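Please examine the sequence and the structure shown below. The briefing that follows describes selected features, grouped by topic.

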Amino acid sequence: MWGVVRIAFRNTRRQARRSVLLGGAIAFGVMIITLVNAFTQGAVGNVRSNFSYAAGGHIFVTGTELTESRREVGRIGDDRPLRAAVDPSDPRIASVHRRSAAYGSLIFGARTVSQQIEGVDFAAEEHFRRGLQVREGSVEDLSDPQLLILPAKAADRLGIRVGESLLVRLQSVTGQQNVGEFRVVAIIEDTGSFGLSSAYTSLAYLNSLIGLEPWEYQVFSIFLTDMREIEAVAGEIYQALVDAGALVERPYSDRAITYDDEVEEGVAVLGQMFGQAAAIIAEEPWEGTKFAVMTLDELMKPVVAAMGVLDSIALGIFVILLVITGVGILNTFRMIIIERTREIGTMRAFGMQKGTVRSIFLWEAAFISLGGGAAGLVLAGVIAFFVSRATFQDVPGLDFFLDNGHFTFIVTPADLVVNLGILLFISLLSALLPANAAAKMAPAKALGSHY
Amino acid sequence: MLSGARTFGMKALTVCVWVGILFAAGALSGLGGPGVRGGVALAAEAEPDIDAIIRAIDEQSSILASDFTATLTIVTQDPEKGAEKFVVREFRRDRENKFLLLILEPRAQMGQGYLMDEENLWFYDPESRKFSHTSLKERFAGSDARNEDFTQSTLAKDYRVTGYQSGTLGNYQVYIIDLEAVHNEVADPYLKIWVAKEHNLVLKVESYSLTKRLMRTALFPNYIKEGDVVIPRVMIFVDELVPGRRTQITVTEHSLADLPDTVFTKAFVERANR
């Protein structure tokens, strides 16, 4: 066995140029699939953490109520069942937040910026100001009801400074036009490096602008100490609400993922969470607040599905590349066998078995494919290293996938095993026909051949 | 001090100039008073029946006997983005509360459509080939016009009169009527409208927010008259919050010919993109 491996290795080195060309083609394919896999894994992770930051939690409970004309609006009026269902002292729960949100146009002079604004009960969220990285101004005194804490990006685009006032054009939960006047008390860094950073104001003032009572809100969000507890805690909250007799659903818990549907529904849910007024007429009317319990993982389904599509496309390209390379291996090995016919005849004449001859050629194919695969992994690693150090902070639309302005590449063992397994399989399959042909050669005939 | 407030005087001046030019020049030349339902105002000059005037406004803007088709050219001037032009084909069937707006220009948004189907307004995106819910209260394609600006007037149903006075607008004797929404499902909670006494045409509308801040001024200097129906030929929407921002809509190629029922269906919107 060891002798066979040694001969195969020597043969591979002996025809270095040919091996390098074949291995290079394989390396290219492995590099592409590894980069795409690593990119999608990293992007999903970044989106997860960015989304958690922007949405303000790991578990979300939204409330929907009906207007007189049965249009659905985001509002939690009576939250007693919810308060009973969630125990903030549970060690698995890091913090809870009651927020309203509106998506509006900030207007300063002739400049406008679209911005999500969250209403925060500063008195109830004592730790709120600790999480902010203040670039300008102060968040020590948050008593002014019309204060606004503005992300740096929005402030820069508006050209506004701390102490100045601006107007915000927004809609009430029923879609009525409204305008609020705010005073900027602080400009904060975008700590999540995420394009949807919120501006913050007092819950009561935002509620007054969007048509809610001061004590009402739209989203109850929960941060956990350990994200692995998401499903368990969400399930318990749902069950507690059911037991309390509340109208409650888990709209995205048991759905099969179909990319189009999930994207559409996901966008609708995000729209509600980010303060966009709904215009949908309910098919079945109800009384009071209908709760919906959702988790970060459920809301991430569209992103995961999109990344899955990207992975599948990359895998398809990888297999096509390998099939083309496989044809190359097949032809190359046929030539090799013709060139080495007398050598094969000699080995067979000295008593080498058919299976051993076959094994030598299969080992050669394995060396070329694994060598190419290793080179592809190294290349992918080098490219990922440099790309992950480049900053893409200012490229529009990429924020969502970045970690502090950088791409992240994560290689999982499962991806490695699958990709290298496919590579080895196709390479050996391609070499098998020529290897069999070599094994079946009659020694005398092979020795007498002249090529 | 608000930055926007510094330019308040300039904005007011701009609006006044617009109103002056458009109305003093008699831009309503296409209308010969007698053909338009003006009797309500004339009969009640001493003590006008404002509610009746509001109803008359709704009636003469509703095209109930036929369908309506027109091409709309929408030009938005934005101080940051410059000018942006849309060309839209409008189909209306007021008796069934249906309409369809199909974007023809710019090329990047060609084929997008807004379909009012019973109680829901749908937006169609030809790229994703998906319909999604939208609202009459939303802005149309980023302009200062809202989707509801393209539908029939329903002032009498949605608002109550809270006050009025007589005045002039350019050369026109007008009633200046204050309206307050009777429910929370209209975009504008408060309106102030300038209605020509002669023929009950709305010449100017000021929209106020829930906090009673002036948000938008709409000017209607020119109308198309077809039988008992009047349709604004030109609409100008001035954004009162962003200085220098306004949208002008010009109606051309209008027709009152009946349309096939299939026009107001999702299938038609999808087919229009093939």
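**Nonpolar cores**

The largest nonpolar core has 53 residues, and those with the most contacts inside it are Phe140(B), Ile177(B) and Ile193(B). A nonpolar core is a set of buried Ala, Val, Leu, Ile, Met, Phe, Trp, Tyr and Cys residues joined through side-chain atoms within 4.5 Å; buried means under 20% relative accessible area, exposed over 50%, and partly exposed in between (1.4 Å probe, protein chains only). This is a predicted model: local features need pLDDT of at least 70, side-chain atom pairs count only at pLDDT 80 or more, and totals for chains, interfaces and linings use all residues. Residues are numbered from 1 along each chain as its sequence is written, chains are lettered from A and ligands numbered from 1 in the order in which they are written, and side-chain values use heavy atoms, with hydrogens and water left out.

**The interface between chains A and B**

- Contact between the chains involves 28 residues of chain A and 33 residues of chain B.
- The area buried between them is about 2700 Å², of which carbon and sulfur atoms give 51%; buried area is the accessible area (1.4 Å probe) that two parts lose on being put together, summed over both.
- Arg169(A), Gln176(A) and Gln177(A) supply 24% of the area that chain A buries against chain B, more than any other three residues.
- There are 2 salt bridges between the chains, a salt bridge being a side-chain nitrogen of Lys or Arg within 4 Å of a carboxyl oxygen of Asp or Glu.
- Arg169(A) also forms a salt bridge with Asp239(B), through their side chains (2.7 Å, N to O).

- Ser198(A) lies in the loop between β8 and β9 (199-202) of chain A.
- Ser198(A) counts as buried because its relative accessibility is 4%.
- Its side chain makes polar contacts with the side chains of Gln116(A) (3.3 Å) and Glu118(A) (2.8 Å).
- A polar contact is a pair of N or O atoms within 3.5 Å; within protein, one must be able to donate a hydrogen and the other to accept it, and residues adjacent in sequence count only if both atoms are side-chain atoms.

Notes
Contact means heavy atoms within 4.5 Å. Helices (H or I, at least four residues) and strands (E, at least two) are DSSP runs, numbered from the N terminus.
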